[in-house]
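Please read the numbered points with the sequence and the coordinates at hand.

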Amino acid sequence: MAGGGHGFDTMPGGDVVGTPDEFLARRVQAGEREAFAELARRYLRPIHAVVGSFLPEPADVEDAAQETFLRALEAIEGFDPDRSFAPWLYQIARNVARNRLDHRRRWRTEDAGDDLASASANPGTSMERTEIRSLVDGVLAHMPDKRRTAFRLFDIEGYTSAETARLMGISEGTVRSHVHHARRKLRTELEPLLGGEEGR
Amino acid sequence: MTYDRPEPLPPEWLPDPAGPAKGGEPRVWDRRLRELMSAAEPRLAELARQGGDRPAPRVATPWWTLLAARWRAAVGAAALAAAAAMLVVQVLPSPSSPPAEAGTFSLTAMAGEGTAAAVWQGLGSEADPILAQIVLQGAAR
């Protein structure tokens, strides 16, 4: 992420491609639209993943991701381009998600009604999977924020440990540690409940 | 404890991703980007307006940060300066070397001033060029 080629880009962005985040942020401070668009291209997906690690409902995740960027834009004049942009944005995303979560007071993981209504020819399997994921969500909800986010980015969204580390402003070793502990916790909590469902 | 290869969880345990990390569903992300840019437009316009009213944002960077960022150039310049200083020291006459004695001629001076005969003539004597050369070389030794 320290520059352009961090794997988060979703489309080309003219002369801003390859420009380091911090330079782009400086240009956003001057109101340059294309610089902001490029930062959004780079970070829209990972920020979705970050807020998605806090908020269970897709609509909430989408709103929170957009709010993150708008808040960042509001605060951009206070951003110090000598510091890394990604962890700064990550902190904003975290705060936005936590605020929304506090507002809701609790996780709402049982949002599978629509999915079940449109279940395929094998509703038993769909139900089973939904239940498993609800259990996983429940365990994840009780993990420390950073552990949950690292697990989400690395194991669910498929980012590398380097990308995850850069976004969160932590070392790759810490990312691997978080992922390791999250996996272990999930296994410890779920294996007794799921028995043979562990899959490998 | 090593964290290099923590065992992955079964895929069926994992929640759906917010979106594929790489590739796929570009329309969804395009739409989200468009919506975001649309929502950001007023603030960007405000920043641009403010940017026009004031000088471009200046980043207060400490000198050592700049030096660190350009350490290769700094080291190169330092090496160049050191080499130039050594060259000057070697070329210039050492202050400790004894001054040339009066009445002696150095071949270096002779080469700089002209032919041996011309130097000899400068001393008030006509001379054969070859003999003058021999005499001057003998004097220089």
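1. In the predicted model, A86(A), P87(A) and Y90(A) of helix α4(A) meet R166(A), L167(A) and M168(A) of helix α8(A), a contact being heavy atoms within 4.5 Å. By class, the residues of this contact comprise 5 nonpolar, no polar and 1 charged. Here Ala, Val, Leu, Ile, Met, Phe, Trp, Tyr, Cys and Pro count as nonpolar, Asp, Glu, Lys and Arg as charged, and the others, Gly among them, as polar.

2. On conventions, residues are numbered from 1 along each chain as its sequence is written, while chains are lettered from A and ligands numbered from 1 in the order in which they are written. In this predicted model local features need pLDDT of at least 70, side-chain atom pairs count only at pLDDT 80 or more, and totals for chains, interfaces and linings use all residues, with side-chain values based on heavy atoms and with hydrogens and water left out.

3. The axes of α4(A) and α8(A), the latter spanning residues 161-168, lie 6 Å apart at an angle of about 70 degrees. Axes are lines fitted to C-alpha atoms, for helices over the stretch in contact, and angles run from 0 to 180 degrees between N-to-C directions. The two helices α4(A) and α8(A) are therefore roughly perpendicular; angles under 35 degrees count as roughly parallel, over 145 as roughly antiparallel, 65 to 115 as roughly perpendicular and the rest as oblique. Helices (H or I, at least four residues) and strands (E, at least two) are DSSP runs, numbered from the N terminus.

4. Helix α4(A), residues 85-104, also packs with α3(A), residues 58-75, at an angle of about 130 degrees and with the axes 9 Å apart. That angle makes α3(A) oblique to α4(A). Among the residues in this contact are F69(A) of α3(A) and W88(A) of α4(A). The contact of α3(A) with α4(A) has 9 nonpolar, 2 polar and 6 charged residues.

5. Over all chains, the structure holds 24 salt bridges, each a side-chain nitrogen of Lys or Arg within 4 Å of a carboxyl oxygen of Asp or Glu. In α4(A), R94(A) pairs with D145(A) of α7(A), a partner 51 residues away, at an N to O distance of 3.7 Å. Both D145(A) and R94(A) are buried; buried means under 20% relative accessible area, exposed over 50%, and partly exposed in between (1.4 Å probe, protein chains only).

6. Which residue of chain B forms a salt bridge with E62(A)? The partner is R31(B), with the closest N and O atoms 3.1 Å apart. This pair crosses between chains, from helix α3 of chain A to helix α1 (residues 26-53) of chain B. R31(B) counts as partly exposed, at 31% relative accessibility.

7. Elsewhere, a network of salt bridges links D21(A), E34(A), E38(A), R41(A), R42(A) and R166(A).

8. Chain B has 6 helices and 0 strands. Of its 141 residues, 17% are buried. Among contacts in chain B between residues at least 6 apart in sequence, 20% join residues at least 24 apart.
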